[in-house]
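Please view the structure first.

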Amino acid sequence: MLRSPSPFSGWRSITLTAAILLALPILLVTFSLSQPQWLVWQHLADTVLLDYVLNSLMLAFGVGLGAMLLGTSLAWCCHHYQFPGRSWFEWLLLLPLAIPAYIIAYCYTGLLDFAGPLQTALRETFGWDYGDYWFPEIRSLGGAITMLILVLYPYVFMLARNAFRDQSQSLLEASRSMGQSPQQYFLKVAVPMARPAILSGTALAMMEAFADFGTVEYFGVSTFTTGIFRTWFGMGNHLAAAQLSALLMLFVMGLVLWEQYSRRKIQYYYQGHKRQTQARTRPSEVTRWLLFSFCGLILALGFLLPLAMLLHWAWLTGPEQLDARFWRLAWNSFSLALTAALIILLLAMLFAYAKRLKSDPLINAPVTVAKLGYALPGTVIAVGTMVPLAWFDKSLDALLQASFGISTGLLLSGTVFALLFAYAVRFLAVSLHQVETGLARVKPSMDMAGRSLGLSPTGVFSKVHLPMLRASLLSAVLLVFVDVLKELPATLILRPFNFDTLAIRTYELASDERLADAAAPALLILVAGLLPVILLSRAINKETA
């Protein structure tokens, strides 16, 4: 007697195939270490490898420490104290997330460089010449760390603020009854209980620092991301670039494991009085305005000042830059980002629903590996994408030439397909998280009710789940859309010939020291990035209201 196929088998086969393909770049980068290029490694070890390692580690840990201190202190100020503008700062301080790090680096370079308005004003005011005074060098490792802190502290701020909000008033009262000062309560109770959230935000900031390319490349800081790019294009050695990528990936995975290990014994439950939130302290008049000044200064440095500079530059150069080429770049960027966002959304829905139908280790394993792409730099993903696609193109071309005398050329590598595939690997986790969160709110009884009415798994998904997932799906599309719009290193490596985007144009103009001309495309990227940040802030405020 023939057994009828399981209704899950179709979903299972498609999901398994897609998950393996998306996990392939990460696996290939890892396995590249099995064929070490000893001569290349010896050359790198003798010249720049130590710089790559030390600069990458100092960059990541410097950004992590700065983002942790700044984000935690801002979160505590907005949660614990009552001062003018506090409710506005709770969401305004998230706005630096909308600015790519390389754009804020261009803005501050234009402001603080030798030919910038600040140093020029100093020379004119005091009659100084070159060499008569000391001024901090913006194009340095310290400058890169500062730029990244200004745009990445919101990760810690957002998570720490939510953790502080979840702490009950009874904790504060118990602390005061034991004679602890407000400072002791903050250091011994509030921060330790918020530690998992603070560490998670810090780890995110450090991963973004490891992944950064535009800022460190523009500032001339040698890190793994710039080294991978130079090895690929300067030395023309794809395998060595893949092995450098694997080494960087080990650092990032080590960071992820460290973050998980540091929280292994930390598990707090806020039992009872969860909504009995702590009453805010009303400090003295001087302290209130100091808190306002502190939050306002960080907002100005991380968002308002770069925005003002971009608007000023765009006003000066806008008529020259807003030509047919600019709008073609905008079309390339927005169409590419929208296409990638929709494809990634379809993949996320496929994976999330297949996991909901049945927990299958054979599917969960490749999906988990594919989700790691978000923790990896764009340069690593680009290398892992190009290697298999180039191998496929060369193999197919050789086969058809030998058999039929036909040359196929580059069918996949060097095309928009390669970009879309890399984006899917890089940003799948963003979309998948949104879809899985939405599906988790749908009771399993609704699935069973749909099946009892004769609907197939596909029918249940289309007629029951999709109408209930509209908000989650819209968030997934929007978040991935902006991430793709801002992505620089993967686009720079994999873009087709004569195919530019706003991010590429901004990078090229800034590399040519045409910072004012780079303002128009940078400003468009920034404005697009504001949308998900505002939606994220509104969603957080609704959840905690």
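Helices (H or I, at least four residues) and strands (E, at least two) are DSSP runs, numbered from the N terminus. T231 is found in helix α12 (residues 224–233). The model is predicted, with local features needing pLDDT of at least 70 and side-chain atom pairs pLDDT 80 or more, while totals for chains, interfaces and linings use all residues. Residues are numbered from 1 along each chain as its sequence is written, and side-chain values use heavy atoms, without hydrogens and water.

Two residues have these burial classes (buried: under 20% relative accessible area; exposed: over 50%; partly exposed: in between; 1.4 Å probe, protein chains only).

| Residue | Relative accessibility | Class |
|---|---|---|
| T231 | 1% | buried |
| L28 | 31% | partly exposed |

From T231 to L244 the C-alpha distance is 8.6 Å, at a separation of 13 residues in sequence.

L28 lies in helix α1. Together with L21, L24 and V387, L28 makes a nonpolar surface patch of about 280 Å². Helix α1 (residues 9–31) gives the most to this patch, with three residues.

How many cavities of 30 Å³ or more are found in the whole structure? The search finds one. A cavity is a set of points on a 1 Å grid, over the protein atoms alone, where a 1.4 Å probe fits but cannot get out. The largest cavity holds about 40 Å³ of space. Its lining includes S333, Y423, E487 and T501. Two or more lining residues come from each of α15 (324–357), α21 (470–486) and α23 (502–511). By type, the lining has six nonpolar residues, three polar and one charged.

How values were computed. Patch = residues over 30% accessible without salt bridge, like charges linked within 9 Å, V, L, I, M, F, W, Y side chains within 5 Å. Areas by Shrake-Rupley, 256 points an atom, 1.4 Å probe, with all protein chains shown as cover. Salt bridge = Lys/Arg side-chain N within 4 Å of Asp/Glu carboxyl O. 1 Å grid on protein atoms, 1.4 Å probe; cavity = no way out; pocket = protein on both sides within 12 Å on 5 of 7 lines; lining within 4 Å. Points joined across faces, edges and corners; volume = space filled by probe spheres on them. Nonpolar A, V, L, I, M, F, W, Y, C, P; charged D, E, K, R; others polar.
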